[in-house]
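I opened the file to look up a few local features. My entries follow the structure.

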Amino acid sequence: MAMTPVPTRTPRFRAVLGAGTLLAAFGTTALQAADLGADLARPTPTFAMVDPNTWIVTLSGSIQAVPRYPGASDYTAVGYPSIDIRRVGEPRRFSTPDDGFSFSLFDSESFRIGPTARFVPGRYYGDDRRHLYGFRDARFAVEPGVFAEFYPVSFIRTRVEARQGVYGHHGTVGSVAADYLIPADKLLFSIGPRFNIGDASYARKYFGVSPIEAALNGRVTPYDPRSFYSAGVLGGVTYTQSETWAYTAYAGYTRILGASGDSPLVRRPFGNPNQYQFGLRIDYAFRMPAPF
């Protein structure tokens, strides 16, 4: 399948507002505003004229069910808005719910790179008073970083993120993803693997048990994980009704592995190493004159 030639794109941005479980650190997280409604390349080469004086603004509303905190067995519903802006003639970039909030500094047909950020939901005593008694709160975290995307062919997207915790935790984390894109008339299917990693600082924050916590809780022993990693899969389908309306449904699964997966905090009755996410999204697009 050939890539659709388009003129060089100017940088564009996505701003997302919403509650804190967007794009959780396992890639389930939290939760970023997502968009599976990409315009894929057509088999026959075409040329699109980019109009710098007109923007296409896409307003989106999403709701998703995600683990209450990393490793939790209970789920919570989270709703959030998002906005995407591009020039008329620019194809809308494919993205998924576990992508970080991103801004492209360089954007070509097959490669783009720029800053990104994710939010990790916190774990608080009030989330599970019965089992979390004695544990310190793990505040929600902010993880800025960089991302890079590469399309080896037009129907496969690969994405890498490297991030650093600056609030909530101070660990270094990263994610690797690939998506296979299958267009079918007004439908776009996508599915692909996910792999997430974190250093000892991150692992201890969300999956460690200190001697004092173990003594106060009385049901666990001290535990010191030295690393975090998880693996899973995410799939979705988008129905594009018109240039104005599009609807997306998606689901994902992640398994916490290694040292963090052996933590008592992700074992019953405290939690679960199997993490799921489900979500729905509605997009509304309109044109407006570019203000600058």
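I count helices (H or I, at least four residues) and strands (E, at least two) as DSSP runs, numbered from the N terminus.

The model is predicted, so I note its limits: local features need pLDDT of at least 70, side-chain atom pairs count only at pLDDT 80 or more, and totals for chains, interfaces and linings use all residues. Residues are numbered from 1 along each chain as its sequence is written, and side-chain values use heavy atoms, with hydrogens and water left out.

Entry one: strand β9. I found Tyr-180 in strand β9.

I looked up Ile-63, which sits in strand β2 (residues 51–67). Ile-63 is partly exposed too, at 47% relative accessibility. I listed its contacts (heavy atoms within 4.5 Å). Leaving out residues up to four places away in sequence, Ile-63 touches Val-78, Gly-79, Tyr-250, Phe-278, Gly-279 and Leu-280.

A nonpolar core is a set of buried Ala, Val, Leu, Ile, Met, Phe, Trp, Tyr and Cys residues joined through side-chain atoms within 4.5 Å. I found that the largest one has 11 residues, among them Val-120, Ala-138, Tyr-206 and Phe-228. Helix α1 (residues 200–207) gives the most to this core, four residues. Another core, of nine residues, lies apart from it and includes Phe-135 and Leu-265.

Note on methods. Buried means under 20% relative accessible area, exposed over 50%, partly exposed in between (1.4 Å probe, protein chains only).
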